Amino acid sequence: MFRIVLIVLAFEFAIGSEPERVVSEFHDELLSSMKSDAAFVERYMVLDEAVGKAFDVATITRISLGKSWREQSAEERLGFSALLRELIVATYTSRFSNFNDQSFETIEATEVRDGRWVVKTHLVKKDGGIVRLDYYFRDGLIFNVVADGVSDLSLRRADYASIIGSEGLDGLRRSIRGSIEEYRSSDAP
Amino acid sequence: MRLSLVSWAVLVALASGCALSPGPEYAVYDPVESVNRRSYEISEALDRSVLRPLAVGYRKVMPTFAEDAVENFFTNLRSTESALSGFLQGAPKRGFRDTGRLFVNSTLGVGGLLDVATALGMEPQGEDLGQVLASWGYTRSRYLYVPVLGPTTVRDLPHLIVRASLPRLAIHENYNGWVGTLDLASTRAEVLMDTDVRDETSLDPYTFTREAFYQRRRDAVFNGEPPVEAGFDLLLEEFDEE
């Protein structure tokens, strides 16, 4: 019995928590993308799968749209989710395109309460500079990334609220599509 | 002179703080948004035509070691504010660490050109007068976009003024237009990547800048360790209500 407990504990320490594993795998995919010479579209496909596994895009969509989310039909919500996923993947594909001896380090993973976790990591640059990346989890998936204290989701929510206020949801859709196109074209040969 | 400037700036912020209405701590508070937006537009136009090209050119012509030396030099001059702010927050360890950095970099670091202190394990503490006021309870403050100087709040205005004035105060008659331009180019170059990311990512750059500013300040007040639970609660409040 004691031996089984030891084996289980050793296994736990070896792989860390589930959120840690999710982040670690996602980081591996980002590093692969950075090291790859493949075209945007190919790297996009790989990262699309990685984002699908690691991120809770439905929750991200809901929080990003704020009050407007409630006014959407189920079909419209799915449409927005798909659009946001495209934007998230295009952003990662564009940003993580050059490898310059960067690496990722997991600092700690903490369960805040009831399946809500924070995994704190560092992106270590070639010159030793650090970018703090904290991944917020809900029900096993990432819904927020905080870089050096700035929450990606809060920024998105504020940014979208402003566009929805001035141009409506159609305007927001147009702007997001525009951003995706810019990412795609910026990587074109 | 230096002390009087700091005192004046702190007094302005405290006086304005007295008129604050209650509200959530560290949250965005922008009652004069139309004025701020106008100021932002003017600053952006100036930035696009003068400051950004200056910073890009500066980065292109300066060898990395020279760029680092310039950045170190001005950072060292400004670390006096960080040291003072550590003590004012009742965090003498942080104050002494920055005082030590100032001493080491000003002497062994050839007047601040080299950051010897970091190499010796004395990390910069990054304190400022805005954080001092926040630690004294001034946690909600009006947003201001100051032309050319950028985003701030009434609470952080003393920091902005002191930050901009310290090189002139520290090197007195040796401060001239060239030194000022070098400082400006170096300061703008430091945030080139941030503003490029903002321009690439944001749909409404004004809102994006404001939101990012408030979050960065909150993070700075908590020395990079803001309460995690609050982050969850703020974003997931709708889910919790269900």
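**Helices, contacts and cores**

Modeller: The buried residues of H4(A) are A:Val57, A:Thr59, A:Ile60, A:Thr61, A:Arg62, A:Ile63, A:Ser64 and A:Leu65. Buried means that 20 or more other C-beta atoms, placed from the backbone, lie within 10 Å of the residue's own; exposed means 12 or fewer, and partly exposed is in between. This is a predicted model: local features need pLDDT of at least 70 and side-chain atom pairs count only at pLDDT 80 or more, while totals for chains, interfaces and linings use all residues. Residues are numbered from 1 along each chain as its sequence is written, and chains are lettered from A and ligands numbered from 1 in the order in which they are written.

Colleague: Is helix H4 of chain A largely enclosed or exposed?

Modeller: Helices are DSSP runs of H or I with at least four residues, strands are E runs of at least two, and both are numbered from the N terminus. H4 of chain A spans residues 57-65, and eight of its nine residues are buried. So the rest of the structure leaves H4(A) largely enclosed.

Colleague: How are H6(A) and H10(B) oriented to each other?

Modeller: H6 (residues 152-186) of chain A packs on H10 (residues 205-221) of chain B at about 150 degrees, with axes 9 Å apart. Axes are lines fitted to C-alpha atoms, for helices over the stretch in contact, and angles run from 0 to 180 degrees between N-to-C directions. Under 35 degrees counts as roughly parallel, over 145 as roughly antiparallel, 65 to 115 as roughly perpendicular and the rest as oblique. Therefore H6(A) and H10(B) are roughly antiparallel.

Colleague: Which element gives the largest share of the side of chain A that touches chain B?

Modeller: Residues are in contact if their C-beta atoms, placed from the backbone, lie within 7 Å. The contact takes 19 residues from chain A and 19 residues from chain B. On the chain A side, eight residues, the largest share, come from H6(A).

Colleague: Which residues touch the most other members of the largest nonpolar core?

Modeller: A nonpolar core is a set of buried Ala, Val, Leu, Ile, Met, Phe, Trp, Tyr and Cys residues joined through C-beta atoms within 7 Å. The largest has 41 residues. Those touching the most other members are A:Val51, A:Tyr136 and A:Ile142.

Colleague: Is A:Met34 buried or partly exposed?

Modeller: A:Met34 is found in helix H2 (residues 18-35) of chain A. There are 16 other C-beta atoms within 10 Å, so A:Met34 is partly exposed.

Technical notes: Contact = placed C-beta atoms within 7 Å.
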